[in-house]
Amino acid sequence: MWDSDTTLPSVQAADPDRIGQHGLEIVMAVSQTFCVHRPPVGKKITASVVLADDPDGDAAGRQAM
């Protein structure tokens, strides 16, 4: 994801009474990697998520060569 806002994302403290603002918390919980890069304008955020594994341990959709 890229946007022109320079404000970096931050995960808020756990609060079961909070309504909303849980998106980044969820992304961080399910991501293998999470990276924020600051280009000259704005920010670029990349997260890698594995959706499922096959019995041999390869990420879904990837073929062993």
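**View 1. Contacts across the whole chain.** Among contacts (heavy atoms within 4.5 Å) between residues at least 6 apart in sequence, 38% join residues at least 24 apart. The structure is a predicted model, where local features need pLDDT of at least 70, side-chain atom pairs count only at pLDDT 80 or more, and totals for chains, interfaces and linings use all residues. Residues are numbered from 1 along each chain as its sequence is written, and side-chain values use heavy atoms, with hydrogens and water left out. The chain has 65 residues, and 9% of them count as buried; here buried means under 20% relative accessible area, exposed means over 50%, and partly exposed is in between, with a 1.4 Å probe and protein chains only. The accessible surface of the chain is about 5,400 Å², and carbon and sulfur atoms own 56% of that surface. These areas come from the Shrake-Rupley method with a 1.4 Å probe, and for residues only the protein chains shown count as cover.

**View 2. One helix and three strands.** The chain holds 1 helix and 3 strands, and reading along the sequence gives the pattern β-α-β-β. Both kinds of element are DSSP runs numbered from the N terminus: helices are H or I with at least four residues, strands are E with at least two. In the loop between strand 1 and helix 1 (23-30) you will find Q21. Its phi is near 65 degrees, a positive value in a residue other than glycine. With a relative accessible area of 60%, Q21 is exposed.

View 3. The 3 strands make an open sheet in the order 1-3-2, with antiparallel pairing. Strand 1 and strand 2 stand at the edges and have a single partner strand each, so one side of each has no neighbour in the sheet. Two strands are said to pair if DSSP finds at least two bridges between them. As background, strands of a sheet pair through backbone hydrogen bonds, either parallel or antiparallel. Strand 1 and strand 3 run antiparallel and are joined by 2 bridges; look for W2 opposite K44 in strand 3.

**View 4. The hairpin of strands 2 and 3.** Strand 2 (residues 33-37) pairs with strand 3 in the antiparallel sense over 5 bridges. Here V36 stands opposite I45 in strand 3. The two strands, strand 2 and strand 3, form a hairpin with 5 residues between them. In the turn, G42 has a positive phi of about 75 degrees.

**View 5. K43 and its surroundings.** Which residue forms a salt bridge with K43? The partner is D3, and the closest N and O atoms are 2.9 Å apart. This pair links distant parts of the chain, with K43 in strand 3 and D3 in strand 1 (residues 2-3), 40 residues apart. A salt bridge here is a side-chain nitrogen of Lys or Arg within 4 Å of a carboxyl oxygen of Asp or Glu. K43 counts as buried because its relative accessible area is 5%, while D3, at 24% relative accessibility, is partly exposed. A polar atom of the K43 side chain also lies 3.0 Å from the backbone oxygen of D5 and a polar atom of that side chain lies 2.9 Å from the backbone oxygen of T7. Leaving aside residues up to four places away in sequence, K43 touches M1, W2, D3, D5, T7, L8, P9 and H37.

View 6. The salt bridge rule gives a count of 2. One of these joins the side chains of R18 and E25, at 2.8 Å from N to O. Is R18 buried or exposed? R18 is buried, with a relative accessible area of 16%. E25 has 29% relative accessibility and counts as partly exposed.

**View 7. A nonpolar patch on the surface.** I26, V30, V49 and L51 form this patch, and together they have about 420 Å² of accessible area. Patches are made of residues with over 30% relative accessible area and no salt bridge; like charges are joined within 9 Å, and nonpolar side chains (Val, Leu, Ile, Met, Phe, Trp, Tyr) within 5 Å. V49 sits in the segment after strand 3 (43-48), and its 42% relative accessibility makes V49 partly exposed.

How values were computed. A polar contact is a pair of N or O atoms within 3.5 Å; within protein, one must be able to donate a hydrogen and the other to accept it, and residues adjacent in sequence count only if both atoms are side-chain atoms.
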